[in-house]
Amino acid sequence: MSHTLVTGVGGVPAHRIAEFRLLLSDVPVLTATQAKGLEWDATLLVDPQGVAAEPRGWNGLYVALTRCAQDLGQLTLTR
């Protein structure tokens, strides 16, 4: 029995989307708005504070947090 893990990055602040698409070219990288209505087995949320700071940020953060069916990872960025 094999298990296929479908992974997406569904929660990247809009100003960082191009950077993460270059770094993670083999997985879908979307803003929270773009990820709305989609689901993956595993999702990585990048910079939750940055997502929350965008217009309609709390709604976007909720969308980003609910895109995974099994595993949710979080990457917090510092500068």
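1. Salt bridges. In this predicted model, a search of the whole structure returns one salt bridge. The partners are R16 and E19, whose side chains meet at 2.7 Å, N to O.

2. Surroundings of the bridge. The two partners fall into separate accessibility classes. R16 has a relative accessible area of 9% and is therefore buried, the limit for that class being under 20%. E19, at 35% relative accessibility, counts as partly exposed. The salt bridge thus links R16 and E19, with the arginine buried and the glutamate partly exposed.

3. Backbone at D47. The phi angle of D47 is near 55 degrees, a positive value in a residue other than glycine. D47 is placed in the loop between β3 (40–46) and α3 (48–53). Its relative accessible area is 10%, so D47 is classed as buried.

4. Backbone at R56. A positive phi, of about 55 degrees, also occurs at R56, which is not a glycine. R56 belongs to the loop between α3 and α4 (57–65). With a relative accessible area of 66%, R56 is exposed, since that class begins over 50%.

5. The two loop residues together. Which of these positions is buried, and which is exposed? D47, in the loop that leads from β3 to α3, is buried. R56, in the loop between α3 and α4, is exposed.

Key. Residues numbered from 1 in each chain as written. Predicted model: local features only at pLDDT ≥ 70, side-chain atom pairs only at ≥ 80, totals over all residues. Heavy atoms only, no water. Helix = DSSP H or I, 4+ residues; strand = E, 2+ residues; numbered from the N terminus. Buried < 20%, exposed > 50% of the residue type's maximum accessible area, 1.4 Å probe, protein only. Salt bridge = Lys/Arg side-chain N within 4 Å of Asp/Glu carboxyl O.
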